[in-house]
Amino acid sequence: MGAAASAVRPGKARLWCRDADFAGASHNFRYTDSQMLLNLTILPGDGIGPEVTEQAVLVLQTIAEAFSHQLQLQKKNIGGAALTAANDPLPPDTIQACLSSSAVLMGAVGSPAFDHYPNHLRPEAGLLRLRRELGAFANLRPAVSFPALEDTSPLRTEVVRGTNILIVRELLGGLYFGQPRSIEGAPGSRVAINTMSYGESEIERIARVAFDLARKRRKKVLSVDKANVLECSRLWREVVTRVGKDYPDVKLAHQYVDSAAMLLVQRPTDFDVVLTENMFGDILSDQAGGVVGSLGLLASASIGGVIGLYEPVHGSAPDIAGKGIANPLGAILSAAMLLRHSFGLESEALCIENAVSSSLDEGYRTADLASAKNPAISTSAMGQRVAETVRVSRSLPQ
Ligand code: IPM
Ligand code: MN
């Protein structure tokens, strides 16, 4: 970061004005001197969610100080934590808080304690309802190979080097939400039903997100489907092809999901933007995490609705929860996406991303990334490392 850019702006008269330049901006207010009120709802959730979220919040506090923004946080329950407290995986006061803030940062949901509960009383149901309440139909999941982690990937260094993929996953349709859904019948002869359903407008809006983002990248969209078997995918391919005509500068290709899964490990650097439906995107994004060295690194933004929702891709990982060994970088990078997509704060987002990258360059590793050469540090030590790097880059006292 250049010296000129690093001078902290002094406090000035705080005149508010609306800034409608970016998606989901209706709740955002910008100081005229570019200081902002970062009014966030934090949903730590289950498993490793609270530990990684704590580190993301630490980094956000550091950014707020370094760039003279005002951070306002309210913490609410979701998932198993909310089921325990209120017998509801998404209590009304959580929805209310999310809707009255400018962006939402979530940890993770899911706990084996609720495995035997009916679907609507599972932790995951809370997250799915929240995505729907917020209208967050576009789930952006970047998977980038950090130079320092090339030898952490299970793939050969020369295969993974330079990987920079953006998965654009449709988030409010498909098997996750399709009706009817049920398990019915007598024990021993029960039948389970889920429905995959997509409307043209649902496909079109997510396709436009993918093409628009591709324009700011390497101008390639790979649309992933199963059009040789599924009607949903045939409609998907048709609509994506039609939308693609509005983007003649973007190269569009189609791939069946099975083949895309193979190519993702064989030639990950060929991928730029991957556009796909809800379930395929869920699966391929975990695979992309494996490709770049650890799922713990992956961040996500769920946007397109009234309020953006930001969460690491990794999930609650109950087996390692509470041990201080989880990787907070996915959560920290989700905070960067929050600043970029909900507030238009590109320099602040880049400052976090650079701090993560240089912490890795310096050899800091959590357990999922550690090796004999670079032994593991704890979740909180990694968070502090990134926060300190932010401070140094902005010339703040330690
Ligand atoms: C994810 C998660 C969620 C999903 C679960 C927790 C509902 O796996 O965000 O990838 O399937 O979308
Ligand atoms: Mn998933």
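Author: Helix 2 and helix 13 are roughly parallel to each other, and I start from this pair while noting that the model we are reading is predicted.

Reader: How is such a packing described, and at what angle do the axes of helix 2 and helix 13 cross?

Author: In general, two packed helices are described by the angle between their axes together with the distance between those axes. Here the axes of helix 2 (residues 49–66) and helix 13 (residues 379–393) cross at roughly 15° and come within 9 Å; because angles under 35 degrees count as roughly parallel, the pair is described in that way. The crossing in which helix 2 passes helix 13 is right-handed.

Reader: Which residues in helix 2 meet helix 13?

Author: From helix 2 come Glu51, Val52, Gln55, Leu58, Val59, Thr62, Ile63 and Ala66, and they meet Thr379, Ser380, Met382, Gly383, Val386, Ala387, Val390 and Arg391 in helix 13. Sorted by class, this contact has 9 nonpolar, 5 polar and 2 charged residues.

Reader: At what angle do helix 12 and helix 13 pack?

Author: The angle between helix 12 and helix 13 is about 120°, with 9 Å between their axes, and their crossing is right-handed. Cys351, Ile352, Asn354, Ala355, Val356, Ser358 and Ser359 in helix 12 meet Arg385, Val386, Thr389, Val390 and Ser393 in helix 13, a contact that by class has 6 nonpolar, 5 polar and 1 charged residues.

Reader: How do helix 9 and helix 10 pack?

Author: Helix 9 (residues 257–266) and helix 10 (residues 278–291) have axes 10 Å apart and pack at an angle of about 10°, which makes helix 9 roughly parallel to helix 10. Their crossing is right-handed. Val257, Ala260, Ala261, Leu264 and Val265 in helix 9 meet Phe280, Leu284, Gln287, Ala288 and Val291 in helix 10, and the residues of this contact divide into 9 nonpolar, 1 polar and no charged.

Reader: Which domains does the domain assignment give, and what distance separates their centres?

Author: The assignment gives domain 1 as 16–137 + 304–398 and domain 2 as 141–292, and the centres of the two, taken over C-alpha atoms, are separated by 23 Å. Their contact takes 11 residues from domain 1 and 14 residues from domain 2. On the side of domain 1 that touches domain 2, the elements giving two or more residues are helix 5 (123–134) and helix 12 (346–361), and the residues of that side divide into 6 nonpolar, 2 polar and 3 charged.

Reader: Which element gives the most to the shell around ligand 1?

Author: Helix 5 does, with 3 residues. The residues around ligand 1 are Val109, Gly110, Glu124, Leu127, Leu128, Asp282, Val313 and Gly315, and by class this shell has 4 nonpolar, 2 polar and 2 charged residues.

How values were computed. Residues are numbered from 1 along each chain as its sequence is written. Chains are lettered from A and ligands numbered from 1 in the order in which they are written. This is a predicted model: local features need pLDDT of at least 70, side-chain atom pairs count only at pLDDT 80 or more; totals for chains, interfaces and linings use all residues. Axes are lines fitted to C-alpha atoms, for helices over the stretch in contact, and angles run from 0 to 180 degrees between N-to-C directions. Helices (H or I, at least four residues) and strands (E, at least two) are DSSP runs, numbered from the N terminus. Angles under 35 degrees count as roughly parallel, over 145 as roughly antiparallel, 65 to 115 as roughly perpendicular and the rest as oblique. A crossing is left-handed if the near helix is turned anticlockwise from the far one by less than a right angle, and right-handed if clockwise. Two residues are in contact if their C-beta atoms, placed from the backbone, lie within 7 Å. Ala, Val, Leu, Ile, Met, Phe, Trp, Tyr, Cys and Pro count as nonpolar, Asp, Glu, Lys and Arg as charged, and the others, Gly among them, as polar. Domain bounds come from an automatic or database domain assignment. A residue is near a molecule or strand if its C-beta atom, placed from the backbone, lies within 6 Å of it.
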